[in-house]
Amino acid sequence: MSVDTITRGAQWPGLLNPDGSRWHYLDTAATAQKPQVVIDAVTRALGADYATVHRGVYARSADMTLAFEAARRKVAGLVNGDEGEIVFTRGATEAINLVAQTWGQANLKAGDRILLSTLEHHSNIVPWQLLRDRTGVEIDVCPLTEDGRIDLAAAERILTPAHKLVALAHVSNVLGSVLDVAQAVRLARAVGAKILLDGCQAVPRLAVDVKAMDADFYVFSAHKLYGPTGIGALWAKAAILDAMPPWQGGGAMIDRVTFERTTYAPAPQRFEAGTPAIVEAIGFGAAVDFVQAQGLDAIHAHEVALVAKAREALGRMNSVRLFGPEDSAGIVSFAIEGVHPHDLGTILDEEGVAIRAGHHCAQPLMDHLGVPATARASFGIYSDESDIAALVRGIERTKRIFG
Ligand code: PMP
């Protein structure tokens, strides 16, 4: 059976070459192309609807405030959180830095431990190292199973009551492996640790329910979810967020300012200093509407089918090494014997196929795999079998060139 796009007539201007032919875009895990409905929502917000939020006494500003807060509600709904539990950030990276610098700084001390894993994105490593340098907390690293999943049996052996935080990717941006969240949460709870999940690659491809998961922190970026760049979200349990000190100071995050003393607004406003990313938030809300209209179960099934096709096609080619588990979500990393991934990426680009080649901001994982880089094909809602066929043609040509 062929795997067709499932976007039911949605327009994707970013998927067209200048001559109107299809661009075989296989870099959705880096950032997703945008449907016309999101582009239109952003255009309206920046044009006919534009005004500031939260402060204006005129009708346009009041309308914009309603639209901005409606976007927060939509984003909360996507992960089944409450709207007061969503802090808008610049993206997942800023969300993790926020947690490290506020919750981490306030709650962790020398001798406390944090558990990460080998496959984490740099954005879920470096903020904790910065915290380590300031506080003396220790970082432990959970190894992976042979097929590239976070090894939770090993995590169970590593975890102790000194662990105050477990911070793991829900879906790996390199291997596509999906975390057993229920088990990870159980293990964290068993030692009294909080759990942060990096949902950057999960939110665009799996139905996420933070309440059912019983996570403490969940972070994601709009631009991987068919929304704009420059905005993302931190979801955190209300009780945790309420107790967290502010991080950036400025307008909008205060209750009352005097030179002697400032009191702060409640969460989430306490963490949103300055004029927010109004236009981006509205685009984020439009992207959530779009994704929910398609249905995350349908998106997931679509990507599972594409991954199965791609792994089968690449697996048939000798000299291709596939990384990650068979059931990876939307992402396939691979290497071709004797061809550097960057050379492959360049030749594929000539064929109208865009893949990612590099360390994918996961250098410790590259060290673990014993390669400097991998080639990565990642799928989205608009991907179809013609993209896989073009990838295979491009790889065959590359192998001919390299003899
Ligand atoms: N975590 C994962 C798993 C990611 O894939 C990414 C983006 N590549 C990030 C975090 C960081 O997201 P952003 O750059 O949007 O802040």
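This briefing walks through the fold, the ligand shell and several individual residues of the structure above.

The model is predicted. Its protein chain splits into domain 1 (13-34 + 295-401) and domain 2 (40-293). The C-alpha centres of the two domains lie 28 Å apart. The largest nonpolar core has 119 residues, and a shell of 13 residues surrounds the ligand.

**Where the domains meet**

- The contact involves 27 residues of domain 1 and 27 residues of domain 2.
- On the domain 1 side, four elements each supply at least two residues: helix 10 (296-316), strand 12 (331-336), helix 12 (363-369) and strand 15 (374-378).
- Helix 10 gives the largest share of that side, with six residues.
- By class, the domain 1 side that touches domain 2 has 14 nonpolar, nine polar and four charged residues.

**The nonpolar core**

- In soluble globular proteins, nonpolar side chains tend to be buried together.
- Here, the residues with the most contacts inside the largest nonpolar core are Ala233, Leu234, Ile282 and Ala287.
- Helix 9 (residues 278-294) is the top contributor to this core, giving 10 residues.
- Both domains take part: the core draws at least three residues from domain 1 and at least three from domain 2.
- Setting aside residues up to four places away in sequence, Leu234 touches Val87, Thr89, Ala95, Leu98, Val99, Phe217 and Val219.

**Helix 4**

- Helix 4 spans residues 126-135, and Pro127, Trp128 and Leu131 are buried in it.
- Viewed down the helix axis, the buried residues of helix 4 fall within an arc of 95°, so they line one face of the helix.
- Those buried residues pack against helix 3 (92-107), strand 3 (113-117), strand 4 (138-142) and strand 5 (163-169).
- Gly136 follows helix 4, and its phi is positive, near 85°.

**The ligand shell**

- Among the 13 residues around the ligand, the closest are Gly91, Thr93, Asn173, Cys200 and Ser221.
- The shell divides into four nonpolar, eight polar and one charged residues.

- Arg356 lies in strand 14 (residues 356-358).
- Arg356 has 22 C-beta neighbours inside 10 Å, so it counts as buried.
- Beyond neighbours within four places in sequence, Arg356 is in contact with Asp27, Ala30 and Arg376.
- Arg356 and Arg113 are 243 residues apart along the chain, and their C-alpha atoms are separated by 34 Å.
- His360 sits in the loop between strand 14 and helix 12. Its phi is near 55°, a positive value in a residue other than glycine.
- His360 is buried, because 23 other C-beta atoms lie within 10 Å.
- Cys361 lies in the loop between strand 14 and helix 12. With 17 C-beta neighbours inside 10 Å, Cys361 counts as partly exposed.
- Cys361 and His122 are 239 residues apart in sequence, yet 5.4 Å apart in space, C-alpha to C-alpha.
- Leaving aside neighbours within four places in sequence, Cys361 is in contact with His121, His122 and Ser123.

- Asp214 is in the loop between helix 7 (210-213) and strand 7 (217-221).
- The phi of Asp214 is near 60°, which is positive in a residue other than glycine.
- Asp214 is partly exposed, with 15 other C-beta atoms within 10 Å.
- Ala252 is placed in the loop between helix 8 (238-243) and strand 9 (254-257). Ala252 has 15 other C-beta atoms within 10 Å, so it is partly exposed.
- Not counting residues up to four places away in sequence, Ala252 touches His54, Gln269, Glu272, Ala273 and Gly274.
- Ala252 and Val171 are 81 residues apart along the chain, with 34 Å between their C-alpha atoms.
- Pro268 is found in the loop between strand 10 (262-264) and helix 9. The peptide bond from Ala267 to Pro268 is cis, with omega near 0°.

Key: Residues are numbered from 1 along each chain as its sequence is written. This is a predicted model: local features need pLDDT of at least 70, side-chain atom pairs count only at pLDDT 80 or more; totals for chains, interfaces and linings use all residues. Domain bounds come from an automatic or database domain assignment. Two residues are in contact if their C-beta atoms, placed from the backbone, lie within 7 Å. Ala, Val, Leu, Ile, Met, Phe, Trp, Tyr, Cys and Pro count as nonpolar, Asp, Glu, Lys and Arg as charged, and the others, Gly among them, as polar. A nonpolar core is a set of buried Ala, Val, Leu, Ile, Met, Phe, Trp, Tyr and Cys residues joined through C-beta atoms within 7 Å. A residue is buried if 20 or more other C-beta atoms lie within 10 Å of its own, exposed if 12 or fewer, and partly exposed in between; C-beta atoms are placed from the backbone. The arc is that of the directions from the helix axis to the C-beta atoms. A residue is near a molecule or strand if its C-beta atom, placed from the backbone, lies within 6 Å of it.
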